[in-house]
Amino acid sequence: MRPHRAKEMEPYESEAMIELVDAETKVDFRRNRFPFAVVWQPFPPLTWIFPLIGHTGITDSKGIVYDFQGPYFVESDRMMLGRATRYLPL
């Protein structure tokens, strides 16, 4: 009885697919896109006094920001106080 050979994993079907995946995971400051990251922005009067205090949001694989602005309300693709000023990749 012959042992079964494991099938080799097939590469991506086309180079365009690889380019599409890479394009979606790049940081784009102009469009405010930060894939797989935690984003932060200052909260003007409080951040001036206490520099660590600010407003945070999270992003998905496409870089769209999800911002928790209050109880039971999540804003997508827009933060409460404007653009994100810092980001931390996950």
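Guide: First, the terms for the surface. Patches are made of residues with over 30% relative accessible area and no salt bridge; like charges are joined within 9 Å, and nonpolar side chains (Val, Leu, Ile, Met, Phe, Trp, Tyr) within 5 Å. A salt bridge is a side-chain nitrogen of Lys or Arg within 4 Å of a carboxyl oxygen of Asp or Glu. Accessible areas come from the Shrake-Rupley method with a 1.4 Å probe, and for residues only the protein chains shown count as cover.

The model is predicted: local features need pLDDT of at least 70, side-chain atom pairs count only at pLDDT 80 or more, and totals for chains, interfaces and linings use all residues. Residues are numbered from 1 along each chain as its sequence is written, and side-chain values use heavy atoms, with hydrogens and water left out.

Leu46, Trp48, Ile49, Phe50 and Ile53 make a nonpolar surface patch of about 570 Å². Trp48 lies in helix H2, residues 44–49. Helices (H or I, at least four residues) and strands (E, at least two) are DSSP runs, numbered from the N terminus. Trp48 has a relative accessible area of 70%, so it is exposed (exposed is over 50%, buried under 20%, partly exposed in between; 1.4 Å probe, protein chains only).

Now the sheet. Five strands form it, open and antiparallel, in the order S4-S3-S2-S1-S5. Strands S4 (73–76) and S5 (86–89) are the edges: each has a single partner strand, so one side of each has no neighbour in the sheet. From one strand to the next, the twist averages 30°. Axes here are lines fitted to C-alpha atoms, for helices over the stretch in contact, and angles run from 0 to 180 degrees between N-to-C directions.

Two strands pair if DSSP finds at least two bridges between them. S1 (residues 37–42) runs antiparallel to S5, joined by four bridges. Ala37 stands opposite Pro89 of S5.

S2 (residues 54–59) and S3 (residues 65–70) pair over two bridges. Ile58 has Tyr66 in S3 as its bridge partner. Five residues separate S2 and S3 in their hairpin, where Gly63 takes a positive phi near 95°.

Tyr66 also has a bridge partner in S4, Ser76. S3 and S4 pair over four bridges. Their hairpin has two residues between the strands, and Tyr72 in the turn has a positive phi of about 65°.
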